[in-house]
Amino acid sequence: MDDLKAKYLAAIGDAKDEATLEELRVQAVGKKGEISLKMRELGRMTPEERQVAGPALNALKDEINSALSAKKVALVDAALDERLKTEWLDVTLPARDARVGTIHPVSQVWEECTAIFADMGFSVSEGPQIEDDWYNFDALNIPSHHPARAEMDTFYMHRAEGDNRPPHVLRTHTSPVQIRAMQAQGAPIRTISPGRVYRADYDQTHTPMFHQVEGLAIDRDISMANLKWVLEEFFTAYFGTPVKTRFRASHFPFTEPSAEIDIQCSWEGGTVKVGEGDDWLEVLGSGMVHPKVLEAAGVDPAEWQGFAFGMGIDRIAMLKYGIPDLRAFFDSDLRWLRHYGFSALQVPTIRGGV
Ligand code: DAH
């Protein structure tokens, strides 16, 4: 028994892995193991012999079993120590940045416009993008065969065969929201309407969908002078620098008189800079709202008058943020969006004492 004990304890002590340990267990205390066989011999012994050999064998078995489990724990610990030497984490490293989305320049400028005009008392009105023919054209003094309709490159919606009503259109401008706002609120009114508009046109400076912001101010004695002040105030706040404007006589069916507005800029060095130099850039159409338009919207032109304007949001975004190609606005290219996009936490940059 002492030999058995010495043999197994030494072998267990030398075992290098769990598989060897398991083999030793089977050899010593498994069903047909050496110690188990010895125990079977107990039956053939005299009771006196058994009284000595029995407890001794049991003690040996226990001792081997505990040596096996102690060694097993030691092997597992050693394996873990070995792994910890190579597989470790530096928990003091800074965390990787989570990818953060950006605010599209159009959304940013939309917000900036809203904030600046809100400071001047303008509310925000909305209208549908699929617009009734009457709102998009007739109510704005553009009757059926008016050339302005053809110039607009309108997208027409489908009508069922035999339905002779004029088709709905994808609104070609935000001007129909003027009519909807006046119908809803009457006069006096001071409101802007930013939104998407659609025209069948595609080249470097035109996309079939783009954005405008409409402005409308109706009261008893609103004049072109108020229009000029509001727009100059807007440009100064928007570009963060005083900007000269130039009013050019123009024509729109829904205003009389009408003016196109240019802002001062320079093209020095191949890039456009607003607010300096002696070139001009057209940025919006405007004028005094035509009496017929007021009438169509249920506002009495004998009592009320005012101005309206329509400005390209994408265009003024390109100017302020130096974005060269309009088409890239709507490509959804992540690299472009990361480059030109804004942090969601960035407050719209508007300046100037409005
Ligand atoms: N609706 C015009 C366009 O899309 C822009 C415009 C011009 C709007 C004059 C106005 C305005 O409100 O008075 O080209």
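Modeller: Start with the labels. Helices and strands are DSSP runs, numbered from the N terminus. A helix needs at least four residues, a strand at least two. The model is a predicted one.

Biologist: How many residues line the largest pocket, and which lie nearest its centre?

Modeller: A residue joins the lining if it has an atom within 4 Å of a pocket point. Here, 49 residues line the largest pocket. Nearest its centre lie H206, F210, E282, G312 and R315.

Biologist: Which elements give two or more residues to that lining?

Modeller: The helices are α7 (147–151) and α11 (313–321). The strands are β5 (209–219), β6 (245–252), β7 (255–266), β9 (279–289) and β10 (305–312).

Biologist: Which element gives the largest share of the lining?

Modeller: Strand β9, with six residues.

Biologist: Which residues is S193 in contact with, beyond four places in sequence?

Modeller: S193 contacts S125, T174, V177, Q212, V213 and E214.

Biologist: What follows α8?

Modeller: G186 does, with a positive phi near 70 degrees. Then look at the loop between α8 and β4, where P188 lies. A cis peptide bond joins A187 and P188, with omega about 0 degrees.

Biologist: Take N141. Where does it lie?

Modeller: N141 is in the loop between α6 (133–136) and α7. Its phi is positive, near 65 degrees, though N141 is not a glycine. N141 has a relative accessible area of 18%, so it is buried.

Biologist: And D153: what is its phi?

Modeller: Phi of D153 is near 50 degrees, again positive in a residue other than glycine. D153 lies in the loop between α7 and β3 (169–170). Its relative accessible area is 32%, so D153 is partly exposed.

Biologist: On to rings. How many aromatic pairs does the structure hold?

Modeller: There are 14 aromatic pairs. Planes over 60 degrees apart count as edge-to-face. Y238 and F239 pair that way, with 80 degrees between the planes and 4.8 Å centre to centre. Both Y238 and F239 are buried.

Biologist: Which residues do ring pairs link into a cluster?

Modeller: F117, F122, F234, F235, Y238, F239, F307 and F309.

Biologist: Which charged end sits over the ring of Y238?

Modeller: That of K320, 4.5 Å from the ring centre. Elsewhere, the charged end of R327 sits over the ring of Y202, 5.7 Å from its centre.

Terms used
Residues numbered from 1 in each chain as written. Predicted model: local features only at pLDDT ≥ 70, side-chain atom pairs only at ≥ 80, totals over all residues. Heavy atoms only, no water. Contact = heavy atoms within 4.5 Å. 1 Å grid on protein atoms, 1.4 Å probe; cavity = no way out; pocket = protein on both sides within 12 Å on 5 of 7 lines; lining within 4 Å. Buried < 20%, exposed > 50% of the residue type's maximum accessible area, 1.4 Å probe, protein only. Phe/Tyr/Trp six-rings, centres within 6.5 Å; stacked < 30°, edge-to-face > 60°. Lys NZ or Arg CZ within 6 Å of the ring centre and 35° of its normal.
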